[in-house]
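Q: Could you walk me through how to read a few features of a structure, one at a time?
A: Gladly; let us look at it together.
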Amino acid sequence: MATATATEPASSPPKKALITGITGQDGSYLTEFLLEKGYEVHGLIRRSSNFNTQRLNHLYIDPHNAQHARMRLHYADLTDASSLRRWVDTIAPDEVYNLAAQSHVAVSFETPDYTADVVATGALRLLEAVRAHIHTTGRHVRYYQAGSSEMYGSTPPPQSESTPFHPRSPYAASKVAAHWYTVNYREAYGLFACNGILFNHESPRRGENFVTRKITRAVGRIVVGLQKKLFLGNLKAQRDWGFAGDYVRAMWLMLQQDTPDDYVVATEEAHSVQEFLEEAFGCVGLRWKDHVCIDPRYFRPAEVDNLRGDASKARQVLEWSPKVGFKELVKMMVNEDVELAKREKVLVDAGFIDARQQP
Ligand code: NDP
Ligand code: GDR
């Protein structure tokens with residue numbers, strides 16, 4: 001007689017996600033989110049002379065110590081088509097999230113060729129690897145492209161999916177190219193490919209040379225006496241700032257729909273850099289004007305003055321809305337960076353690091 005277990009259908013294997021840019025801010029939050037949902041997560045990391053996996057350390061399980069670690073890391077690069085093709089074929093993912101980028105707008109003016117190679121042609125290489133894999137195997141694979149509000153550039157707010165793009169940097173122009181490559185692969189090959197047009201999203205894991213984190217890192221260091229001044233550029237620019245943890249949920253939701261489409265993801269509220277400063281310094285009872293100096297080095301050759309998204313489509317179709325508001329976000333980042341600065345201070349006082357090593 002057959003046993004109950006023998007006749008029951010085997011439980012379906014976990015879904016597999018492939019994430020480029022897994023070591024970045026969004027990559028780490030998306031990995032947490034997908035592991036929580038039971039996915040097996042494969043991340044592509046690039047070679048660096050230092051370890052670049054700090055944001056993932058809390059999730060990493062050495063495969064030598066575990067039967068089946070659910071997050072795996074593999075070496076690849078968006079500039080190397082062969083590596084992308086190999087990993088797509090080897091992993092055979094159900095969902096591909098293309099988050100990798102040279103993502104700093106100001107740096108893109110310094111390294112325009114490289115930025116275009118990674119951001120624009122890199123996306124094309126990955127789309128092509130996915131297309132070829134589907135063609136060869138007949139499998140279903142869904143693709144997410146990390147688009148940006150920077151694509152709107154000088155087009156005035158509110159910006160929605162139907163707002164024309166007017167990019168103002170090599171980074172933004174490259175993201176526009178990646179956006180249209182993604183639309184083209186959807187139309188030409190029937191690929192389930194979505195563009196998320198995400199407005200700025202921040203967190204305690206934000207890179208330290210983006211303005212929000214630069215400010216909250218400085219607030220923490222000023223509080224513990226490691227720093228006095230903060231040098232910034234244009235304080236008038238307005239951004240629609242949300243919390244990265246909320247935004248990765250929208251990425252996943254896009255790939256769970258019946259049909260692929262493009263979506264704006266935003267809080268629909270804009271604040272200036274100066275308002276961010278007021279809020280962040282205010283959290284610890286300081287006045288930003290006592291510490292901030294303007295350094296023209298941080299002005300950009302072309303600025304994006306005003307971004308505020310219209311996310312009504314994401315709210316209606318994806319049933320997505322942000323959970324963390326502006327003040328809560330600033331407070332979260334300041335609190336974490338005050339704690340970080342306290343730990344840094346211990347190392348400075350013990351002579352292990354130099355207080356002048358400013359981020
Ligand atoms: P980060 O800068 O924090 O992370 C970028 C990631 O891309 C890192 O993992 C980085 O690796 C990786 N990367 C860079 N170059 C290459 C390359 N040549 N090959 C492979 N990997 C590479 O960005 P975020 O997490 O903030 O953003 C994620 C994506 O979303 C990016 O594409 C960004 O442009 C886009 N975006 C971000 C927004 C935001 O407000 N955060 C808003 C809209 C779009 P390493 O760690 O080694 O540097
Ligand atoms: P952004 O973010 O360019 O919007 O791109 P960033 O935080 O770099 O700049 C926001 C605004 O602040 C002004 N600013 C400064 N910026 C930086 N980095 N450093 C400074 O000292 C400074 N002083 C003033 C800038 O001029 C700008 O107006 C981010 C990135 O994550 C992109 O990858 C993403 O696509 C967009 O958000 C949406």
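Q: Where does His42 lie?
A: His42 lies in strand 2; helices (H or I, at least four residues) and strands (E, at least two) are DSSP runs, numbered from the N terminus. Before going on, note that this is a predicted model, in which local features need pLDDT of at least 70 and side-chain atom pairs count only at pLDDT 80 or more, while totals for chains, interfaces and linings use all residues. Residues are numbered from 1 along each chain as its sequence is written, chains are lettered from A and ligands numbered from 1 in the order in which they are written, and side-chain values use heavy atoms, with hydrogens and water left out.

Q: Does His42 count as buried or exposed?
A: Buried means under 20% relative accessible area, exposed over 50%, and partly exposed in between (1.4 Å probe, protein chains only). His42 has 8% relative accessibility, so it counts as buried.

Q: Which residues does His42 touch?
A: Contact means heavy atoms within 4.5 Å. Leaving out residues up to four places away in sequence, His42 touches Lys16, Ala17, Leu18, Ile19, Arg72, His74 and Ile91. With the side chain of His74, the side chain of His42 makes a polar contact at 2.9 Å. A polar contact is a pair of N or O atoms within 3.5 Å; within protein, one must be able to donate a hydrogen and the other to accept it, and residues adjacent in sequence count only if both atoms are side-chain atoms.

Q: Which residues of helix 3 are buried?
A: In helix 3 (residues 81-91), they are Ser83, Leu84, Trp87, Val88 and Ile91. Seen down the helix axis, these buried residues fall within an arc of 125 degrees, so they line one face of helix 3; the arc is that of the directions from the helix axis to the C-beta atoms. They pack against strand 1 (16-20), strand 2 (40-45), strand 3 (71-75) and helix 5 (112-137).

Q: What is the phi of Ala92?
A: Most residues other than glycine have a negative phi, and most peptide bonds are trans. Ala92, not a glycine, has a positive phi of about 50 degrees. This residue is found in the loop between helix 3 and strand 4 (95-98), and at 18% relative accessibility Ala92 counts as buried. Glu268 also has a positive phi, near 75 degrees, and lies in the loop between strand 11 (263-265) and strand 12 (271-272). As for the peptide bond from Pro157 to Pro158, it is cis, with omega near -5 degrees.

Q: How many residues surround ligand 1?
A: A residue is near a molecule or strand if one of its heavy atoms lies within 4 Å of it. By that rule 25 residues surround ligand 1, and the closest are Thr23, Asp26, Asp77, Ser103 and Tyr171. Strand 5 gives the most to this shell, with three residues. A polar side-chain atom of Thr23 lies 2.6 Å from an oxygen atom of ligand 1, and a polar backbone atom of Asp26 is 2.8 Å from an oxygen atom of ligand 1. Taken alone, ligand 1 exposes 900 Å², and the protein buries 90% of that; accessible areas come from the Shrake-Rupley method with a 1.4 Å probe, and for residues only the protein chains shown count as cover.

Q: Which residues come nearest to ligand 2?
A: Of the 23 residues around ligand 2, they are Ser103, Ser148, Tyr171, Arg300 and Glu303. An N or O atom in the side chain of Ser148 is 2.5 Å from an oxygen atom of ligand 2.
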